[in-house]
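User: I would like to go through this model with you, one region at a time. Shall we begin with a side-chain contact?

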Amino acid sequence: MTEFEDHFKNDVKLPFKMPSIPFTHMFGRFWEDKEYNINDSLEIEFINEKSPINHYKIDIRPLKNKVVSTNRSHQTVYTLKDGQKAIYIAERHFRFLVFEKDNWQYILGINKELANKVTPKVLVEIAYSID
């Protein structure tokens with residue numbers, strides 16, 4: 001994470017809350033796009049070696065290079081406490097909550113098979129925990 005913050009000369013805040021499902025491993029990676037300089041991101045993944053569906057991830061990108069979804073189907077908009085909009089996206093294999101905070105775009109993702117346990121409301125609460 002330090003490498004990512006140093007690269008952008010800006011602090012990153014992570015959520016304090018996590019989905020209430022068990023994980024055995026956490027991986028983090030700073031990906032620097034040296035060719036186009038637009039896909040730099042910090043990726044953090046949580047998995048459970050005994051339960052492959054337990055897969056949660058956090059992707060963070062600078063707002064200047066944010067990802068924009070053009071597919072408006074399967075999207076629901078939520079309003080966060082600070083008035084920002086968060087978009088919940090139901091994709092084929094994952095469910096995502098996309099929002100902006102402090103010059104970053106955050107994408108919280110959960111395996112679709114966990115959508116009944118980790119609801120959009122839970123993802124919004126996780127977004128609230130970034131302080």
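User: Which side chain does the side chain of His55 make a polar contact with?

Analyst: In this predicted model, the partner is the side chain of Glu45, at 2.5 Å.

User: Where does His55 lie, and is His55 buried or exposed?

Analyst: His55 is part of strand β3. Its relative accessibility is 18%, which is under the 20% limit, so His55 counts as buried.

User: What else does His55 touch?

Analyst: Leaving out residues up to four places away in sequence, His55 touches Phe23, Glu45, Phe46, Ile47, Phe94, Gly109, Ile110, Asn111 and Leu114.

User: Turning to helix α2, which residues are buried there?

Analyst: Helix α2 covers residues 120-128, and Pro120, Leu123, Val124, Ile126 and Ala127 are buried in it. Viewed down the helix axis, these buried residues fall within an arc of 155 degrees, so they line one face of α2.

User: Why would residues three or four places apart point the same way?

Analyst: An α-helix has 3.6 residues a turn, so residues at that spacing point the same way.

User: And what do the buried residues of α2 pack against?

Analyst: They pack against strands β3 (55-62), β4 (75-79), β5 (85-90), β6 (94-101) and β7 (104-111).

User: Next, Asn103: where is it, and is it buried or exposed?

Analyst: Asn103 sits in the loop between β6 and β7. With a relative accessible area of 54%, Asn103 is exposed.

User: Which residues is Asn103 in contact with?

Analyst: Apart from neighbours within four places in sequence, Asn103 is in contact with Asn10, Arg61, Pro62 and Leu63.

User: How far apart are Asn103 and Thr79?

Analyst: They are 24 residues apart in sequence, and their C-alpha atoms are 17 Å apart in space.

Key: Residues are numbered from 1 along each chain as its sequence is written. This is a predicted model: local features need pLDDT of at least 70, side-chain atom pairs count only at pLDDT 80 or more; totals for chains, interfaces and linings use all residues. Side-chain values use heavy atoms; hydrogens and water are left out. Buried means under 20% relative accessible area, exposed over 50%, partly exposed in between (1.4 Å probe, protein chains only). Helices (H or I, at least four residues) and strands (E, at least two) are DSSP runs, numbered from the N terminus. The arc is that of the directions from the helix axis to the C-beta atoms. Contact means heavy atoms within 4.5 Å. A polar contact is a pair of N or O atoms within 3.5 Å; within protein, one must be able to donate a hydrogen and the other to accept it, and residues adjacent in sequence count only if both atoms are side-chain atoms.
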